[in-house]
Every structure is written in structure tokens, then in C-alpha cells.
Amino acid sequence: MAQGMRHSHNRKKYLQRLYVSSVFMSVGNMVFNAVIQAINVDHFSRVDNNIFATLFACAFLICLIEYSKERPEKSRRLWAFYLIWQVAGLILPDLFHLPPSVSPIMYAVFGNIFMAEGGFFYVIMGPLFYYTLKDRKKLVFYYTLLSAIPFLNAATGFLGKISCLRIFGSPFTVQWLTGIHVWGTWAVQPWNWPYIFGENFQWMVIGALPIILLYNGEKGNGRKYFYYLFYPIHIYLLAFIGVMMG
């Protein structure tokens, strides 16, 4: 996404593709889940994957930062409106009592950064990659620093313990807003390695760093539209196989 934003000839169309794909995927998830539930399959886990929503939130945030730099006189109003828009996207589904199957569509329509796949934790990686593309040392430093947050949380439960104070709402709210696994971490013994490696392993995103560093910055094979189809199809196919296997 960061490379796409950097090299795209038309950012507006790029954003449109991501946005439309995220909304269509949210609708597709609703239809897929309804079909599977209609079959009366036991032990069915809902499909909520929608990386398009995350990529759109990342790309839009980058555009917002860039525009704020170009037009600093409009920066405050712009960020204020963006914050109001994000809050509205969070509360409207509850305000209108939308069912859980429909709420993700509303989140996608609003481009909500907190309810996108991976939450704010993944969304913030978009600007991180974008602004460190030409400086690998900075990329390694900030990516490692970001990965250390869920690791320390898994090891010590510090976010879970802070969330129990209810300064920022319930523990679920903190997990919801940050995108970092918080629920139950306050009750886990510190430095519980089976838990760190076997249950709360979100910090393992650090393992992607060597692969990221291997990227040479060159354009791929150009089959961009193929991946817009491949992603949802492979998600639904794997989910269907999982359901059939019980």
C-alpha cells in the first residue's frame, strides 16, 4: 500500500478502488455468513476479514497527513472533521441498533480506522511504511518499536491492567480502539512463555520484517486487479473448507 501510494499515477482512483472493495467485501461477508448459518452448521466462526478496509484507512490517513502539510491553515478543521467522522462511524451502528451482521458494512462505509481489520495498530503501520520507505534504519527502528508494544502487553499485561482502571472505558473498549489484544491479559502470570508464544502472539508481526527488507522497491507484475479478486475468494474458500471439515 505504501509503495502504491508513492508510485500511483492517480491516487484518487487508487483510494476509490480500495474503498469500493472494502464496502463490497463487507457485504460479501454478510452474505457468506448468512448462507453458512442457513445451512445450520455447528461451531461456525463468522468471517470478518476485510484487509481492504485497513488499506483504505491507511491510504486515506496518508493523504490527510500530506494535505495537512500542504495546507496548514486548514489542518485543524480537517483533523477535527476527520475525528468527528470516525466517532460517528463508531456510534451510529449502536445508535440505530444495527445487527452485528450489518454493522461492519457501516464501518466500511465510514472508513473507520478502529473497526478495520487489525484496528488502529495495523492502520498506523501505513504511514510508518510510507514515511520510512527510503530509510531502512528508521523502518527497522519504528517497526520494531511498534511490535514491542503487543509483546510487552503479552508478557506483562500492562495494557490489560491499565484498562481495568477504566480510564478509557472497559478493557474491551481499549482492545477495540487500539487493535491490540487486551482482554484477559491482566490475569495472566507475567512472562508466561507458553501464553506469549501460543495464545497472545500478535507481536510476531516482527517476523515479517526480514521479508519487508528484501523488497527492492520495484513494481511487481502489474496484476493489481487479480489481487482484488483473489483476496475475497481465497478467504471464502478457506472458510468454507473449514466449515465442511468441522
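Predicted model: local features only at pLDDT ≥ 70, side-chain atom pairs only at ≥ 80, totals over all residues.
A pocket here is an open set of points on a 1 Å grid over the protein atoms alone, where a 1.4 Å probe fits, with protein on both sides within 12 Å along at least five of seven lines; lining residues have an atom within 4 Å of a point. Of its 31 lining residues, Asp-48, Tyr-107, Met-115, Ala-116 and Trp-176 sit closest to the centre. H5 gives the most to this lining, with four residues. The largest pocket comes in at about 1,700 Å³, volume being the space filled by probe spheres set on the points. Its lining runs to 42 residues, with Met-1, Ala-2, Gln-3, Gly-4 and Tyr-14 nearest the centre, and H3 provides the largest share, five residues.

Asp-48 also turns up in one of the two salt bridges found in the whole structure, where its side chain meets that of Arg-46 at 3.6 Å, N to O (a salt bridge is a side-chain nitrogen of Lys or Arg within 4 Å of a carboxyl oxygen of Asp or Glu). Glu-73 and Arg-71 form a salt bridge at 2.8 Å.

H2 (residues 11–38) has 28 residues and reaches 40 Å from first C-alpha to last; helices are DSSP runs of H or I, at least four residues, numbered from the N terminus.

Residues are numbered from 1 along each chain as its sequence is written. Local features need pLDDT of at least 70, side-chain atom pairs count only at pLDDT 80 or more, and totals for chains, interfaces and linings use all residues, while side-chain values use heavy atoms, with hydrogens and water left out.

How values were computed
Helix = DSSP H or I, 4+ residues; strand = E, 2+ residues; numbered from the N terminus. Expected span 1.5 Å × (residues − 1).
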